[in-house]
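Please read them alongside the sequence and the coordinates.

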Amino acid sequence: MKKTLKKLWNEYLLEECALIDTYEEKKLTQECGELHENANALLSKEQKEAVEKYVNALCELDALFAKKAFFKGCEFAVSFLIESWNFEK
């Protein structure tokens, strides 16, 4: 089952969920870009590199948690459906 979930995550959901298609997503994306530019203007090259590494590490951690939540959510949904189905019998 993990193989199927990984395929679903990698081939469909990751691409679909990464689309920026709502007003809120577009607004936050623009705001992030502006904040990034403003911060870069205040930092030295060395400071920029340190902040970029920090932000990249946070993004990787967030992506791992999102993937874990997706897998756990799918496992819960399947377990819930199986238990509900068995409960009625």
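**Notes on the predicted model**

1. The protein has three helices and zero strands, helices (H or I, at least four residues) and strands (E, at least two) being DSSP runs numbered from the N terminus. Read along the sequence, this gives the pattern α-α-α. The radius of gyration, taken over C-alpha atoms, is 19 Å, well over the 12 Å that the globule rule gives for 89 residues, so the protein is more spread out than a compact globule; the rule itself is 2.2 Å times the number of residues to the power 0.38. Along the principal axes, the C-alpha trace spans about 65 × 30 × 20 Å.

2. This is a predicted model, in which local features need pLDDT of at least 70 and side-chain atom pairs count only at pLDDT 80 or more, whereas totals for chains, interfaces and linings use all residues. Residues are numbered from 1 along each chain as its sequence is written, and side-chain values use heavy atoms, with hydrogens and water left out. The mean pLDDT (the predictor's confidence in each residue, from 0 to 100) is 89, and 94% of the residues reach 70 or more.

3. The protein exposes about 8,100 Å², of which carbon and sulfur atoms supply 62%; accessible areas come from the Shrake-Rupley method with a 1.4 Å probe, and for residues only the protein chains shown count as cover.

4. How many aromatic pairs does the count come to? The count comes to three, where rings of Phe, Tyr and Trp (its six-membered ring) pair if their centres lie within 6.5 Å, and planes under 30 degrees apart count as stacked, over 60 as edge-to-face and the rest as tilted. The rings of tryptophan 9 and phenylalanine 70 have centres 5.3 Å apart and planes at 40 degrees, so this pair is tilted. The pair links distant parts of the chain, with tryptophan 9 in helix H1 (residues 2-17) and phenylalanine 70 in helix H3 (residues 45-88), 61 residues apart.

5. Tryptophan 9 is buried at a relative accessible area of 13%, and phenylalanine 70 is buried at 15%. Phenylalanine 70 also forms an edge-to-face pair with phenylalanine 71, at 5.8 Å centre to centre and 75 degrees between the planes; both of these phenylalanines are buried. Trp9, Phe70 and Phe71 form one aromatic cluster.

6. Glycine 33 lies in helix H2 and counts as partly exposed, at 31% relative accessibility. Its C-alpha atom is separated by 18 Å from that of alanine 50, 17 residues apart along the chain.

Methods: Buried < 20%, exposed > 50% of the residue type's maximum accessible area, 1.4 Å probe, protein only.
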